[in-house]
Amino acid sequence: MAIKLINDGIFYTENKIIDKSNSEYSELLKNKEFYKTQNIAYKILENHNTEKSDKSRMRIKFDCLASHDITYVGIIQTARASGLEKFPVPYVLTNCHNSLGAVGGTINEDDHVFGFSAAQKYGGIFVPAHLAVIHTYMREMMSGCGKMILGSDSHTRYGALGTMAIGEGGPEIVKQLLDKTYDINSPEVIAVYLTGNVKNGVGPQDVALKIIGEVCGNGFVKNKILEFIGDGIKNLPIEFRNGIDVMTTETTCLSSIWITDEETKNYYETHGRKEDYKELKPENIAYYDGAIIIDLSKIECMIAMPFHPSNVYTIKDVNANIQDMINIGEHQAPGGKHPLKDKIINGRLKVDQGIIAGCAGGTFDNICAAADILKNKNTGNGEFALSVYPGSQPINLEITKNGVAAELLKSGVIMRSAFCGPCFGADNVPANGALSIRHSTRNFPNREGSKPAENQLASVALMDARSIAATAANGGYLTAATEIDVDYNEYNFNFDGTIYKNRVYFGYDNAKTNLDLKFGPNIADWPSFEPLSENIILKVCSVITDEVTTTDELIPSGETSSYRSNPYKLAEFTLSRKDPEYVKRAKAVQIDPVPFPFDPNNTSIGSVIFANKPGDGSAREQAASCQKVLGGFANIAREYATKRYRSNLINWGMIPFIYKGKDLPFEIGDYICVPEIRKAIKNKEKSVQACIFRGGGLFNISIDDITLQIPELTDDERDIILAGCLINYYRDKK
């Protein structure tokens, strides 16, 4: 067995796990509360926690912030409306998502001009387009052992470099910019205990996918911190560790941290930042709330079949049972339609396209390994297309110097710049019905250009760069890298920071407050939002009964990215791939007169959506803000897939209701009347009674009373909801 889960608490000492079966366990348990403070995660959190009286509550201030060009315009606009004067900590604005100028005329580049002017005015760090993807830059230039970094991208993960990083929606960045805190209950910590060494041909994505497949669906690590320990770590190069670490986002954990060692130290020395290294390890005895034990020697080459990173199998099993895999996939595909049945050629799975890209795939080690596999081979003479996107220009420079880029180009690989587009459908979009294998982060059905509602569906599978290269060398037939004989070279990475010195604007602690922001014609201010009224009426405008709803389905990526700086235009895309009539329904709520069962002077009417488990995937705040712009007051869910989506709802003044009833008593078009909701929020009530009306909005048919639970909220979160949104909350505090 490659992975074993331990659900109960464990102790770690002298490089061994002590669980309930060990005779030492009961004695150690007597000092459990002390030993909980002895792991790496606790110490880093405590060093950044400004709340000293209640250890169960944490109010975190981060050392550094990061955003890319899909998110930073809205963040700065929100912070500006809330009283921003200058950036209090280093804030890195990268340009790796809206790097193409092909959509909407000048608006992508207009956003970059705005971002540069903001870096000048408020004192930020501006990384121009095509220079580096956000997480590669943050690893190379901003990470540090014991630091904490907050990013407005869900894959903000630098744990392998001793940096605890968290990806959240934009409003949490705004709070930090306004010198406020990130508020959470003290999270549980799960030990990830690594032993053994990987087989030749197995890469970081294989290990990551195996972990994701084991824990994503069962909630084992949801909103917890993963702490990587064990003697197997010493066998992993630092970029291998980074490749595993960045994918921990897909486990639904809150963050990650690793022990540091000579390999980590060498990374910092290579990048000219030896002062940012320090040894991190648990104390002699440390307690963890559970454990994932991984024997690296038993990990095989993996593939996450469409349409989720947790849909994991070994490549060997897929090839041996291809028809069964296709049958399973048809049940998981949107609308039950799966184009993969056409990809079985001579009993094998034939792939159309391969991508090695971004923060997960575009590392130096991955690209070099792919070059070794493809040396003196070709990528298919038109039958198969392979593109490689190095994560940064320093990586690109080094593979140019050492000949790796030349080998890839000779084999037919298309070399691209540092760009995140393949991960969310803004570049190298596969054809309708095509199958693309990617060393990137996600393969949701509404990414990579797919529009299931319009019968436009491409399939994306996740694999490691090594198996992608092996598949390319085999003419596009799915192939595990362990099936081929390759001599992997030892490549040394020599980081040259001259590229950044010559192109990056380093403005931290040098705010030029007298300068004006530069606004393009597409950049719009946020609309004004009213505070929460005494009573609310919610019109049900969408009911989504899928097991999980991703942020890509709530607000699609790809073609919408260029409109992220215009809340009005972007809102037109809300739920467009999942429920195309939603926008029209939500708008109608604001203009159709409806008789009030309450006093109209203290009652507001807005829209609401229901989904079983919304918010899986990206940190993008627009999944919530677009609903708010269209008059959304709340979500109703069985549970929320991620903390970050729930936080986004709250920060935009939307109530994250929970409904636990067995059957759904409401449908699209119903009205849910919630009396005295303001009082309930203010008084910290755990639930409210609501009444459902049906009958053309005339309230002549009352069909049911329901209980809507209000999940635990901090005092600040309650005040934000009462104020109507984060902007109002800070404006009112002036």
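These are my notebook entries on a few places that I looked up in this predicted model.

**Ground rules.** I number residues from 1 along each chain as its sequence is written, and I leave hydrogens and water out, since side-chain values use heavy atoms. For this predicted model, local features need pLDDT of at least 70 and side-chain atom pairs count only at pLDDT 80 or more, while totals for chains, interfaces and linings use all residues.

**Entry on two helices.** Which angle do the axes of helix H26 and helix H27 make where they cross? I found that the axes of H26 (residues 715–723) and H27 (residues 726–733) cross at roughly 100 degrees and come within 7 Å; axes are lines fitted to C-alpha atoms, for helices over the stretch in contact, and angles run from 0 to 180 degrees between N-to-C directions. This makes H26 roughly perpendicular to H27, a word used for 65 to 115 degrees, whereas under 35 counts as roughly parallel, over 145 as roughly antiparallel and the rest as oblique. Asp-716, Asp-719, Ile-720 and Ala-723 of H26 meet Leu-726, Asn-728, Tyr-729 and Asp-732 of H27, contact meaning heavy atoms within 4.5 Å.

**Entry on Thr-479.** Is Thr-479 buried or exposed? Thr-479, in the loop between helix H18 (465–473) and helix H19 (498–503), is buried, with a relative accessible area of 3%. I saw that its side chain makes a polar contact of 2.8 Å with the side chain of Asn-474 (a pair of N or O atoms within 3.5 Å; within protein, one must be able to donate a hydrogen and the other to accept it, and residues adjacent in sequence count only if both atoms are side-chain atoms). A polar atom of the Thr-479 side chain also lies 2.7 Å from the backbone oxygen of Tyr-477.

**Entry on strand S30.** Five of the six residues of strand S30 (residues 632–637) are buried, so S30 is largely enclosed by the rest of the structure. Strand S28 (residues 603–611) runs parallel to S30 and is joined to it by five bridges, and two strands pair if DSSP finds at least two bridges between them. In this pairing Ile-609 stands opposite Asn-635. S30 also pairs in the parallel sense with strand S31 (residues 655–658), over four bridges, and there Ile-636 stands opposite Phe-657.

**Entry on backbone angles.** Most residues other than glycine have a negative phi, and most peptide bonds are trans. I therefore noted Thr-252, which is not a glycine and has a positive phi near 75 degrees; at 12% relative accessibility, Thr-252 counts as buried. Pro-306 and Phe-307 are joined by a cis peptide bond, with omega about 15 degrees.

Key:
Buried means under 20% relative accessible area, exposed over 50%, partly exposed in between (1.4 Å probe, protein chains only).
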